[in-house]
Amino acid sequence: MRSKPAKDVLEMINSFQKSLNKKPSTEKMHEEIKMMKFKVRPIQGDLSEVNLNNEKFVETLWSLGKLEEFFQKEFYRLSSKNKDLFMRIFNDIYEKYHQDLNKINLQWEKTPRQQRFLEVEIFKEIRNKKFN
């Protein structure tokens, strides 16, 4: 009987990952990212020389947004015993997408191939309902 709750968590995550494989068009993902209120802020480097419409970038950012929505929806429904397993798996998935973002070449094709360093912060804008 004890394996059933863990199996439910694994099935829930597996089902979520299958839903991520059914990606909408890049344009639709781009629209959904805007609704997710992601912001990209340069920490170092020139953001104007970067292609933020890169298909792989949009796809990975969309997947991260969906992962965050999944976490917000499911984590608080779990029992204490299952939260541990959920967090370990969630962190592995999150880390994979984070690594994918770091590997994407966002340079414009027409930009000369010079070694440039760019560091950006990607975050979600969250408004505090108390103060609005």
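**Aromatic cluster**

I started with the rings: Phe16, Phe70, Phe71, Phe75, Tyr76, Phe86 and Phe90 are joined by ring pairs into a cluster. My pairing rule takes rings of Phe, Tyr and Trp (its six-membered ring) whose centres lie within 6.5 Å; planes under 30 degrees apart are stacked, over 60 edge-to-face, and the rest tilted.

A note on what I am looking at: this is a predicted model, where local features need pLDDT of at least 70 and side-chain atom pairs count only at pLDDT 80 or more, while totals for chains, interfaces and linings use all residues. Residues are numbered from 1 along each chain as its sequence is written, and side-chain values use heavy atoms, with hydrogens and water left out.

How many aromatic pairs are there by this rule? I get nine.

I looked at Phe70 and Phe86, which make a tilted pair with 5.6 Å from centre to centre and 40° between the planes. Phe70 belongs to helix α3 and Phe86 to helix α4 (residues 80-103), so I am looking at a link between distant parts of the chain, 16 residues apart. Helices here are DSSP runs (H or I, at least four residues), strands likewise (E, at least two), numbered from the N terminus. Are Phe70 and Phe86 buried or exposed? Both are buried; that word means under 20% relative accessible area, with exposed over 50% and partly exposed in between (1.4 Å probe, protein chains only).

I went on to Phe71 and Phe90, also a tilted pair, at 4.7 Å centre to centre and 45° between the planes. Phe71 counts as buried because its relative accessibility is 13%. Phe90 is buried too, at 14%.

**Charges over rings**

I checked for Lys or Arg over rings, using NZ of Lys or CZ of Arg within 6 Å of the ring centre and within 35 degrees of the ring normal. Lys83 has its charged end over the ring of Phe75, 4.9 Å from the centre. Lys124 does likewise over Phe38, at 5.6 Å from the ring centre.

**Salt bridges**

I count eight salt bridges in the structure, each being a side-chain nitrogen of Lys or Arg within 4 Å of a carboxyl oxygen of Asp or Glu.

Which residue does Lys66 bridge to? The partner is Glu32, with the closest N and O atoms 3.3 Å apart. Lys66 is in helix α3 (residues 55-74) and Glu32 in helix α2 (residues 26-36), so this pair ties together parts 34 residues apart in sequence. Lys66 is partly exposed because its relative accessibility is 23%, whereas Glu32 at 14% is buried. I also noted a network of salt bridges linking Glu32, Lys66 and Glu69.

Next I looked up Arg41 and Glu121, a salt bridge with 3.0 Å between the closest N and O atoms. Arg41 lies in strand β1 (residues 38-44) and Glu121 in strand β2 (residues 119-124), distant parts of the chain at 80 residues apart. Arg41 is partly exposed at 42% relative accessible area, and Glu121 is partly exposed at 31%.

My last entry is Glu74 with Arg77, whose side chains meet in a salt bridge at 3.9 Å, N to O. Why is Glu74 counted as buried? Glu74 gets that label because its relative accessibility is 13%. Arg77 is exposed, with a relative accessible area of 59%.
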